[in-house]
Amino acid sequence: MHWKLTHTDDGLIIDNEGGKSLGYDPNAGIQIIEQDGFAFKDLDGSGYIEPFEDWRLPISFRVRDFSTRFGLWQENRKLYYSKGTMDLSDDILAIMEMFRKEDMQKYIDPQWDDIEYLNENDIIMVLLLMFDASDDHSKDGYLASIIVQSMHLGVFENIVYSIWKAIRRFVNKESQQNMEKLEKAA
């Protein structure tokens with residue numbers, strides 16, 4: 001086993017030795033799956049590690065799998081899913097533009113990732129990054145199971161307020177961390 005569960009002030013962290021640390025809330029109904037000695041979140045409850053859940057894979061591959069698996073896509077600054085459409089508010093569009101310009105690059109592997117695809121699907125990318133998050137916004141990871149369930153039930157747009165609130169927190173935290181790094185380097 002190459003991982004351990006650590007208690008922090010912000011909650012539980014799955015520390016994968018030599019891999020990604022993940023925020024974890026056992027009350028969210030998401031189980032941990034172990035594979036190759038590493039821990040992963042079983043976000044869709046399948047009992048298997050699906051490609052979108054595998055933090056070892058390039059983010060564009062994960063986004064593509066998530067989009068295909070759940071019928072979610074982004075086009076003309078709207079999110080579509082098999083049972084509906086959601087318009088993106090101006091504040092979310094502004095936050096996502098800031099994320100694309102300032103923070104997105106640290107998650108992209110230019111050798112493996114399709115950067116154009118990620119630019120076109122940046123909100124779906126942020127959703128997946130939130131599911132993995134290991135700092136104080138990791139509690140937003142519970143949205144994973146809610147998002148998956150709501151798409152199946154056709155009520156995805158009913159939970160959109162919570163999703164946008166979580167995206168705002170995630171992107172603002174990423175920007176704040178980048179600013180702090182730049183100030184320390186100066």
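## Basis of the model

The model is predicted, so local features need pLDDT of at least 70 and side-chain atom pairs count only at pLDDT 80 or more, while totals for chains, interfaces and linings use all residues. Residues are numbered from 1 along each chain as its sequence is written, and side-chain values use heavy atoms, with hydrogens and water left out.

## Overall make-up

The protein has 6 helices and 8 strands. Both kinds of element are DSSP runs numbered from the N terminus: helices are H or I with at least four residues, and strands are E with at least two. Read from the N terminus, the order is β-β-β-β-β-α-β-β-β-α-α-α-α-α.

Of the 186 residues, 47% are buried. Buried means under 20% relative accessible area, exposed means over 50%, and partly exposed lies in between (1.4 Å probe, protein chains only). A contact means heavy atoms within 4.5 Å. Among contacts between residues at least 6 apart in sequence, 53% join residues at least 24 apart.

## The sheet of β6, β7 and β8

An open sheet is formed by 3 strands in the order β6-β7-β8, with antiparallel pairing. Its edge strands are β6 and β8 (84–87), each of which pairs on one side only. Direction ignored, neighbouring strands of this sheet are turned by 20° against each other on average. Two strands count as paired if DSSP finds at least two bridges between them. Strands of a sheet pair through backbone hydrogen bonds, either parallel or antiparallel.

Strands β6 (residues 72–75) and β7 (residues 78–81) are joined by 4 bridges, and 4 bridges also join β7 and β8. Y80 of β7 is the bridge partner of W73, and T85 in β8 is the bridge partner of Y80. The hairpin of β6 and β7 has 2 residues between the strands, and N76 there takes a positive phi near 50°.

In a regular strand the side chains alternate between the two faces of the sheet. In β6, L72 and Q74 are on the covered face, whereas W73 and E75 are on the uncovered one.

## Helix α4 and its neighbours

Helix α4 packs on the sheet and touches β6 and β7; its direction makes about 135° with that of β6. Such angles run from 0 to 180 degrees between N-to-C directions, and axes are lines fitted to C-alpha atoms, for helices over the stretch in contact.

The axes of α2 (90–102) and α4 (residues 122–132) come within 10 Å and cross at roughly 75°. Therefore α2 is roughly perpendicular to α4. Angles of 65 to 115 degrees count as roughly perpendicular, under 35 as roughly parallel, over 145 as roughly antiparallel, and the rest as oblique. Where the two helices meet, α2 supplies I92, M96, F99 and R100, and α4 supplies D122, I123, V126 and L129.

## Salt bridges

The structure holds 5 salt bridges. A salt bridge is a side-chain nitrogen of Lys or Arg within 4 Å of a carboxyl oxygen of Asp or Glu. One of them joins E50 and R69, with the closest N and O atoms 3.3 Å apart. This pair links distant parts of the chain, 19 residues apart: E50 is in the loop between β5 and α1 (59–70), and R69 is in helix α1. E50 is buried at 14% relative accessible area, whereas R69 is partly exposed at 34%.

R69 also meets D65 in a salt bridge (3.0 Å, N to O). Because D65 and R69 are 4 residues apart in helix α1, about one helical turn separates them. D65 is buried, at 16% relative accessibility.

Elsewhere, D36, D54 and R56 are linked in a network of salt bridges. D54 is buried at 9% relative accessibility, and R56 is partly exposed at 35%. D36 is exposed, with a relative accessible area of 54%. D36 lies in the loop between β4 (31–35) and β5 (38–42), and its phi is near 55°, a positive value in a residue other than glycine.

## A buried charge without a partner

D113 lies in the loop between α2 and α3 (115–120). D113 is buried yet has no salt bridge, and the nearest side chain of opposite charge, R64, is 8.3 Å away. Here Lys and Arg count as positive and Asp and Glu as negative, while His and the chain ends are not counted. Leaving aside neighbours within four places in sequence, D113 is in contact with P58, I59, S60, F61, Y107, I108 and L118.
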